[in-house]
Amino acid sequence: MTISKIKTRNDGQWTESRYNSFVKGGLRSASQRWPPKYQVLSDACTGSRINPKSGRLAKHYRCNCCKNDFPAKEVEVNHIIPVVPVTGFDSWDGVIERMFCEKDKLEVVCKPCHKAVTKQENEERKNDRKTK
């Protein structure tokens, strides 16, 4: 019987899973500064008005799903094509290509709509795993 050795990183201090989490975190951090993200936000801006929750003047953005306007703290930029496909992780090259996409593959959505979209994608992933 052969025992396979678990691949480690960082001089044996990290598992492959820990390494993948580290890389993913670095990519997410970098994606926060990706210029097309700000172009999409700018395009979705509907102007400044009083935020009813804070009573302060705030820029508002139109959600691409429900078409309502929300202040900046209540919207997120969503990847139209999921960063991790419904069929599961394919490669780092694929993840990077989808994460750092052009603005035509991004949309501004309110947090409730983003939660619903993400839930749907996760259910599709779960169903895809069951069929394999």
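Helices H1 and H3 run roughly parallel to each other (an angle under 35 degrees; over 145 is roughly antiparallel, 65 to 115 roughly perpendicular, the rest oblique). This is a predicted model, where local features need pLDDT of at least 70, side-chain atom pairs count only at pLDDT 80 or more, and totals for chains, interfaces and linings use all residues. Residues are numbered from 1 along each chain as its sequence is written, and side-chain values use heavy atoms, leaving out hydrogens and water.

**Helix packing**

- Two packed helices are described by the angle between their axes and the distance between the axes.
- H1 spans residues 16-31 and H3 spans residues 92-99. Helices (H or I, at least four residues) and strands (E, at least two) are DSSP runs, numbered from the N terminus.
- Their axes come within 11 Å and cross at roughly 20°. Axes are lines fitted to C-alpha atoms, for helices over the stretch in contact, with angles from 0 to 180 degrees between N-to-C directions.
- H1 contributes Asn20, Val23, Lys24, Leu27, Arg28 and Ser31 to the contact (heavy atoms within 4.5 Å), and H3 contributes Trp92, Ile96 and Met99.
- These contact residues divide into five nonpolar, two polar and two charged. Nonpolar covers Ala, Val, Leu, Ile, Met, Phe, Trp, Tyr, Cys and Pro; charged covers Asp, Glu, Lys and Arg; the others, Gly among them, are polar.

**Aromatic pairs**

- A pair of aromatic rings is described by the distance of the centres and the angle of the planes.
- Rings of Phe, Tyr and Trp (its six-membered ring) pair if their centres lie within 6.5 Å; planes under 30 degrees apart are stacked, over 60 edge-to-face, the rest tilted.
- One of them joins Trp14 and Phe22, a tilted pair at 5.0 Å centre to centre with 50° between the planes.
- Trp14 is partly exposed at 21% relative accessibility, and Phe22 is partly exposed at 49%. Buried means under 20% relative accessible area, exposed over 50%, partly exposed in between (1.4 Å probe, protein chains only).
- Phe89 and Trp92 form an edge-to-face pair, 5.3 Å centre to centre and 75° between the planes.
- Phe89 has a relative accessible area of 49% and is partly exposed. Trp92 is partly exposed at 25%.

- Asn51 sits in the loop between strand E3 (45-50) and strand E4 (57-62).
- Leaving aside residues up to four places away in sequence, Asn51 touches Arg56, Ala58, His60 and Pro71.
- Pro82 lies in the loop between strand E6 (75-79) and H3.
- Pro82 and Glu102 are 20 residues apart in sequence and 13 Å apart in space, C-alpha to C-alpha.

- Most residues other than glycine have a negative phi.
- Asp11 is in the loop between strand E1 (8-9) and strand E2 (14-15), and is exposed at 77% relative accessible area.
- Lys67 is in the loop between E4 and strand E5 (69-71), and is partly exposed at 48% relative accessibility.
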